[in-house]
Every structure is written in C-alpha cells, then in structure tokens.
Amino acid sequence: MCTHHDDKSKHNLPCLHCQPHSYIRMVQHMIERCILLSMTRDECVKALDHHASILPLVTLTVWRGLQRENKDFFETYGHFVSPRPFLSGYVRRSPRFARRIQ
C-alpha cells in the first residue's frame with residue numbers, strides 16, 4: 001500500500017511516487033478525455049487539478065510530451081479550440097434568448 005496517501009482515499013488510483021509509469025498513463029488518458037471534450041490546455045489543467053487532484057505541473061509535463069509525439073495533431077487542435085470571439089458571444093447570448101421565449 002502506498003504511504004503517500006491517507007487511509008481516507010477510497011479510490012485505487014496509481015501513485016506518482018509508487019507507480020510513476022501507471023500514474024503518467026492515467027494522466028495521459030485524462031488529457032485525452034479533455035481533448036474529446038474540446039477543452040483547451042489551461043481548461044484541462046484546471047479540471048484535472050480540481051476534479052482529480054493532479055498537480056498542474058504533472059498535467060503540463062504530460063501534455064508537452066503528447067505535443068512532442070503528435071505535433072501535427074496538436075497544431076490543428078490548437079486552431080480548433082482557440083477562442084472565437086463571435087462564436088463564444090453567440091453561445092453566451094443563447095440562454096438569455098431562450099429564457100425570454102419561455
């Protein structure tokens with residue numbers, strides 16, 4: 001059993017210190033899920049920190065490793081998830097418009 005965690009931990013997740021390969025693979029899998037949700041790198045870092053207690057430095061390091069291995073994908077993905085002012089303004093207005101109709 002890993003001594004780096006308290007006994008209150010109910011999840012059987014790999015530990016960065018005890019199982020670094022498994023831990024990094026888990027973080028990579030979580031990043032891939034963030035990508036499927038069209039999250040930016042910063043959104044992914046915040047989400048993993050908040051929901052999975054993954055240190056931002058670890059997420060950024062794994063993200064950079066994935067970028068090195070998949071340069072073309074991440075270049076295209078970066079354009080896909082980059083902020084689009086017109087589109088984001090439209091999305092923000094939609095719920096207000098929907099409330100007026102009801």
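Modeller: Rings of Phe, Tyr and Trp (its six-membered ring) pair if their centres lie within 6.5 Å; planes under 30 degrees apart count as stacked, over 60 as edge-to-face and the rest as tilted. The model is predicted: local features need pLDDT of at least 70, side-chain atom pairs count only at pLDDT 80 or more, and totals for chains, interfaces and linings use all residues. Residues are numbered from 1 along each chain as its sequence is written, and side-chain values use heavy atoms, without hydrogens and water.

Biologist: How many aromatic pairs does the structure hold?

Modeller: There are four aromatic pairs. In one of them, Phe 73 and Phe 74 lie 5.2 Å apart, centre to centre, with 90 degrees between the planes, an edge-to-face arrangement. The rings of Phe 73 and Tyr 77 are stacked, because their centres are 5.6 Å apart and their planes meet at 15 degrees.

Biologist: Is Phe 74 buried or exposed?

Modeller: Buried means under 20% relative accessible area, exposed over 50%, and partly exposed in between (1.4 Å probe, protein chains only). With 9%, Phe 74 is buried, whereas Phe 73, at 41%, is partly exposed.

Biologist: Which residues touch the most other members of the largest nonpolar core?

Modeller: A nonpolar core is a set of buried Ala, Val, Leu, Ile, Met, Phe, Trp, Tyr and Cys residues joined through side-chain atoms within 4.5 Å. The largest core has 19 residues, and Val 27, Ile 31, Leu 48, Ile 54 and Trp 63 touch the most other members.
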